[in-house]
Amino acid sequence: MNQEIRLIGGSKVFVCDEGFTIIDDGGVAFNTQNEQNFIIEIGKYKDLKQKYPNALFYEDAIILPSFVNAHIHFEFGNNISSFEYGGFDRWLGSVMKKREDVLSNISECVKLGVDEQLQSGVGSVGAISSYGNDMQILANSPLRVIYFNEAIGSTPSAIDFLYSDFLNRYNASKELQSNKFIPAIAIHSPYSVHKVLAKKVLQISKADNVKTSVHFLESKFEREWLESSNGWFKSFYEEVLGIKSPKPLYNITEFLEMFEGLDTLFVHCLFASGSDLDFISKNGHIISCPRSNRLLNNAYIDFSLLASRNLHPIFATDGKSSNNNLNMLDELRSALFGYFSVDIDELSKILILGSTLYPARALGLECGTLQMGKLADISVFQCPQIDKSSQSPLQFLLHSQKVKTLYINGKDIIK
Ligand code: MCF
Ligand code: FE
């Protein structure tokens, strides 16, 4: 009998397929010794046990795909109280003043951020890197990482420098490329990246066929600026950046058109219109960071606007730049309480699929669902009395704390 195949079982197995299949007393069998380890079979534990003797059943436990946190800034992990909340204007003003302190000596906070991911059951991340200072730590970490090298900067005279700095980071990340560390590209936002820089960088995305990500229409000020060249961003450009008679770098349509044909992660989108969402539904995905959105913009994205366009919300923590921690379960719990008008059982499933199946798809990862042939990225959470529950997705969100066991690529990273 093959000892290299591991079988684990639990009271409830959340398959995380579109229909949210739950297997009572279920089991998952997967490879453990290959370079890439995949799920071989899933079903009832007692049936699988006949075939796979290297087996362990977790009583009072839920087994599900490990979470995929599609948008996180590890480099901002030193922020606790430096940045101001309550309005995007206050936040960005405080970032401009305080970022140097926050961004110095980041190694320790990046490591803590990685650990917080693993402990909360995250197996994969979409990491936005502004400076490349988190690259080595993430490449050496147990996490599966889509590493988004960020391009940012609007001053025309700085474009050459900014582009070459971007290229250096991007090429360094390509050197580290592996099955578990995948280079990608982020454009910071429509208010902060010069057209020439954005176009050059997006050309690389197309040529190399790598994933793209962008912060988009996060604040009401951003929409006002792009639509009417006015409002808080005008004074920000004049007073903070010292630019005379500033003009927006794009209108909204022009900005979106640059992403035509790329499968982009559009992050936040709190102030996106129906037609913006129509474009996104054809060219990408929506990533929502509920606690970040509450703290910076006093808003949550409206699921019904997404559903009518067949867009499935994807949930992520953002960085500690706009959050109290990087715990994925805490993020989902905050949304569970925040979206009080959505049916609580439906909402629980939306939150779980929005942190497993849909972000994996958006990032092009072969995980996020427990099906034959998918990567063995699996978490086990202890959850008292879950076998008796008729609302296990909701009870999982309410009661799960630290992951009991976490497998990434079939290896037990946390035992
Ligand atoms: O997602 C949040 C809020 N929106 C925009 N940017 C950031 C967030 N957390 C960190 N950032 C970073 C961003 O990547 O802040 C920096 C950029 O490098 C400066 S914003 C001008
Ligand atoms: Fe962000």
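## Two domains

The centres of domain 1 and domain 2 lie 30 Å apart, taken over C-alpha atoms. This is a predicted model. Where the two domains touch, 31 residues of domain 1 and 31 residues of domain 2 take part in the contact.

Which stretches of the chain belong to each domain? Domain 1 comes in two pieces, 5-66 and 367-412. Domain 2 covers 67-363.

## Where the ligand sits

Now turn to ligand 1. The space that ligand 1 takes is the largest pocket. Around ligand 1 there are 14 residues. Five of them come nearest: Ser130, Glu150, His215, Glu218 and Asp318.

What classes of residue make up the shell around ligand 1? Seven are polar, four are nonpolar and three are charged.

## Polar contacts and cover

Asp318 has a polar side-chain atom 2.7 Å from an oxygen atom of ligand 1. Asp318 is also one of the residues that come nearest to the ligand. His268 places a polar side-chain atom 3.1 Å from an oxygen atom of ligand 1.

How much of the ligand's accessible area does the protein cover? On its own, ligand 1 has 460 Å² of accessible area, and the protein covers 97% of it.

Notes: Residues numbered from 1 in each chain as written. Chains lettered and ligands numbered in written order. Predicted model: local features only at pLDDT ≥ 70, side-chain atom pairs only at ≥ 80, totals over all residues. Heavy atoms only, no water. Near = heavy atom within 4 Å. Polar contact = N/O pair within 3.5 Å; in protein donor to acceptor, adjacent residues only side chain to side chain. Areas by Shrake-Rupley, 256 points an atom, 1.4 Å probe, with all protein chains shown as cover. 1 Å grid on protein atoms, 1.4 Å probe; cavity = no way out; pocket = protein on both sides within 12 Å on 5 of 7 lines; lining within 4 Å. Sits in = over half its atoms within 2 Å of the grid points. Nonpolar A, V, L, I, M, F, W, Y, C, P; charged D, E, K, R; others polar. Domains from an automatic or database assignment. Contact = heavy atoms within 4.5 Å.
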